[in-house]
Amino acid sequence: MTALNFVDELLGWRTLEQRTVRRLGRPYAPNCADADNCDIADYIYASRRVGRILRPGQSMGAPFEALLLNHLFTEVSRLDPNRKWLAQPGRVVSDFAQYAHLGVLEEQIKTNVVLRTEFGREYAIRPDIAIGVEAATAQPLLHAVVSVKWSMRSDRVQNVRPEGALLLRHRRGRAPHFVVVTAEPLPSRIAAIAMTTGEVDAVYHVMFDEMEEAVRQVGTREQKERWLELVTQGRVRSYAALPATLTST
């Protein structure tokens with residue numbers, strides 16, 4: 001399967017600073033890529049025939065999240081209509097049955113300086129996308145948490161693994177799926193999240209097939225080896241498989 005249609009609404013180019021233009025000899029870079037490492041992204045954008053549309057990468061996070069939320073909710077509802085699905089951005093996990101006790105903790109911490117100092121706010125987890133299922137209990141069950149990363153600069157990924165660890169540590173009952181969805185074109189940056197010790201189920205790439213071809217055609221030896229490792233170990237998967245994965249359990 002090629003890149004999903006909604007990705008076309010996000011692909012574009014960003015203008016580079018003059019000093020970068022002088023250094024690299026190009027005025028634009030793909031809006032999902034590092035200007036110094038554009039070969040894979042350039043190949044993908046050429047194959048997608050992305051026109052010269054200016055879409056700064058730093059502004060893509062919110063629309064990417066919104067489109068993903070809508071697509072995931074539509075697909076899981078279609079694949080499993082027997083469950084009443086919820087899909088919401090930024091909803092605190094204490095709204096869900098497995099983490100309801102964190103809401104009680106928050107109320108205690110508000111009035112107790114010792115608890116506030118000890119726990120801080122590490123328990124106040126607000127995922128990019130929370131997917132829940134209505135249950136017979138008073139609160140819905142948290143079925144999946146989706147961390148959305150248009151690209152994977154270091155300052156954008158440092159919270160992902162701790163978030164997964166907190167979800168595992170604080171749950172009371174079934175652990176939700178915890179996945180990352182990205183358009184990042186550099187295998188080494190994807191590996192920074194994907195090669196975990198269990199905090200993240202897997203990283204799902206919205207242009208997986210294009211990545212496969214681009215890495216094969218223009219990737220360095222190191223990039224090819226890293227991508228092969230990620231794929232063969234199931235650390236990186238096609239986003240097209242995510243809705244079925246979420247509805248199969």
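Colleague: At what angle do the axes of helix α8 and helix α10 cross?
Modeller: Helices (H or I, at least four residues) and strands (E, at least two) are DSSP runs, numbered from the N terminus. Axes are lines fitted to C-alpha atoms, for helices over the stretch in contact, and angles run from 0 to 180 degrees between N-to-C directions. For α8 (residues 187–194) and α10 (residues 221–232), the axes come within 9 Å of each other, and the crossing angle is roughly 35°.

Colleague: What kind of model is this?
Modeller: Residues are numbered from 1 along each chain as its sequence is written, and side-chain values use heavy atoms, with hydrogens and water left out. Local features need pLDDT of at least 70, side-chain atom pairs count only at pLDDT 80 or more, and totals for chains, interfaces and linings use all residues, since this is a predicted model.

Colleague: Which residues of α10 meet α8?
Modeller: The crossing of these two helices is left-handed, a term for a near helix turned anticlockwise from the far one by less than a right angle (right-handed if clockwise). Contact means heavy atoms within 4.5 Å. On the α8 side stand Pro187, Ser188, Ile190, Ala191 and Ala194, and they meet, in α10, Gln223, Arg226, Trp227 and Leu230.

Colleague: In β8, which residue is the bridge partner of Val203?
Modeller: Strand β7 (residues 202–205) pairs with β8 in the parallel sense, over 3 bridges. In β8, the partner of Val203 is Val236.

Colleague: How many residues of β6 are buried?
Modeller: Buried means under 20% relative accessible area, exposed over 50%, and partly exposed in between (1.4 Å probe, protein chains only). In a regular strand the side chains alternate between the two faces of the sheet. In β6, His177, Val179 and Val181 point one way, Phe178, Val180 and Thr182 point the other way, and all are buried. The strand is mostly covered, and its buried residues number 6 of 6.

Colleague: In β7, which residue is the bridge partner of Val181?
Modeller: On one pairing, β5 and β6 are parallel over 6 bridges, and Ala144 has His177 as its partner in β6. On another, β6 and β7 run parallel and are joined by 4 bridges. In β7, the partner of Val181 is Tyr204.

Colleague: How far apart in space are Ala130 and Val145?
Modeller: Ala130 lies in strand β4 and is buried, with a relative accessible area of 1%. Leaving aside neighbours within four places in sequence, its contacts include Leu86, Phe96 and Ala144. Ala130 and Val145 are 15 residues apart in sequence, and their C-alpha to C-alpha distance is 4.9 Å.

Colleague: How many aromatic pairs does a search of the whole structure find?
Modeller: Rings of Phe, Tyr and Trp (its six-membered ring) pair if their centres lie within 6.5 Å; planes under 30 degrees apart count as stacked, over 60 as edge-to-face and the rest as tilted. The number of pairs found in the whole structure is 4.

Colleague: Which parts does the pair of Trp13 and Tyr45 tie together?
Modeller: The ring centres of Trp13 and Tyr45 are 5.3 Å apart and the planes are at 80°, so the pair is edge-to-face. The two residues are 32 apart in sequence, so the pair ties together strand β1 (residues 13–15) and helix α2 (residues 39–48).

Colleague: How far from the ring centre of Trp13 is the charged end of Arg52?
Modeller: Trp13 is buried at 8% relative accessibility. A charge sits over a ring if NZ of Lys or CZ of Arg is within 6 Å of the ring centre and within 35 degrees of the ring normal. The charged end of Arg52 sits over the ring of Trp13, and its distance from the centre is 4.4 Å.

Technical notes:
Two strands pair if DSSP finds at least two bridges between them.
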